[in-house]
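Please examine the structure shown below before reading on.

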Amino acid sequence: MVRKLTVPGRYDRLEEICAFVAEAATAAGLDDVESNRCQLAVDEACTNVIEHGYDGEDKGPIEVICDARLGELTIVIQDFAARFDPTSIPGPKLGATVEEMAIGGLGLYFMRQVMDAVEFSYENGGNRLTLVKRKTG
Amino acid sequence: MDISTEELKSVSVMGVSGRVDSATAPDLENALKKLVETEKTQIVLDLKNVEYMSSAGLRAMVSTLKAVKRVNGDLRLASPSPRVEEVLRLAGLTSIFSIFASRDEAVASF
């Protein structure tokens, strides 16, 4: 089942986006932990779109499309911002001491940690991020 | 997100509830900054009622930890839910923060 949500790029819409993803995760038969991971990945992705893609709030919309099949959830996040190059983002520096830590880039790092697939492309005049989560066990 | 603060001896205990995401993390960071600015640098952040946290919340916590460590203070965490603990673990923060099972234990640790 495919569902689509379009919201303005604002941080106060993240909660609504997470609730939308949680519903789709339930429809796909994912458990709470898997659902939480999907919500985290989508939150981080949408935050990056607003902060880096649009360079601020209310600069453009975000489309979230969820395709829930039994045991697998595919989430597509479409923006209309300038092309994003994921290789340009340095990973977080998770050092041994707090002074050494630099946790910029944590969003992309989280997405790759918690999802089974993370793919970026440039389509329809914007960036298209595809995230996939499969049920384990 | 809601924030409440109380003073227990020399320790400031900040209780947070609800969602800590990019919409609300700036409020958390500002509340923590205000404590540090008034030289309250022994802080317990009670996460018991935090239902969700993204990297934005972690950034607020790490920047505060850096600030208080410079003046020999500490920011210690109490009772994170499994969901919040997973985010802390993913970011490698479980070895950076002192984490306690309860607010009382965190306060007593100072």
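Is N124(A) buried or exposed? N124(A) is exposed, as 11 other C-beta atoms lie within 10 Å. Here a residue is called buried if 20 or more other C-beta atoms lie within 10 Å of its own, exposed if 12 or fewer, and partly exposed in between, with C-beta atoms placed from the backbone. The model is a predicted one, in which local features need pLDDT of at least 70 and side-chain atom pairs count only at pLDDT 80 or more, while totals for chains, interfaces and linings use all residues. Residues are numbered from 1 along each chain as its sequence is written, and chains are lettered from A and ligands numbered from 1 in the order in which they are written.

N124(A) is not a glycine, yet its phi is positive, at about 55 degrees. This residue belongs to the loop between β4 (117-123) and β5 (126-134) of chain A; helices (H or I, at least four residues) and strands (E, at least two) are DSSP runs, numbered from the N terminus. In chain B, E39(B) also is not a glycine and has a positive phi, of about 60 degrees. The loop between α1 (25-37) and β3 (42-53) of chain B holds E39(B), which is exposed, with 8 other C-beta atoms within 10 Å.

Chain B also contains an open sheet of 5 strands, in the order β1-β2-β3-β4-β5, with mixed pairing. Two strands pair if DSSP finds at least two bridges between them. At the edges stand β1 (2-8) and β5 (99-100) of chain B, each with a single partner strand, so one side of each has no neighbour in the sheet. Within the sheet, β3(B) pairs with β4 (residues 74-78) of chain B in the parallel sense, over 5 bridges. There, D46(B) is opposite A78(B) of β4(B).

In chain A, the axes of α1(A) and α2(A) come within 9 Å and cross at roughly 145 degrees. Such axes are lines fitted to C-alpha atoms, for helices over the stretch in contact, and angles run from 0 to 180 degrees between N-to-C directions.

Finally, the two chains meet: 18 residues of chain A are in contact with 19 residues of chain B, contact meaning that the C-beta atoms, placed from the backbone, lie within 7 Å. On the side of chain A that touches chain B, α1 (14-27), α2 (32-53) and α3 (106-114) of chain A each give two or more residues. The most come from α2(A), with 5 residues.
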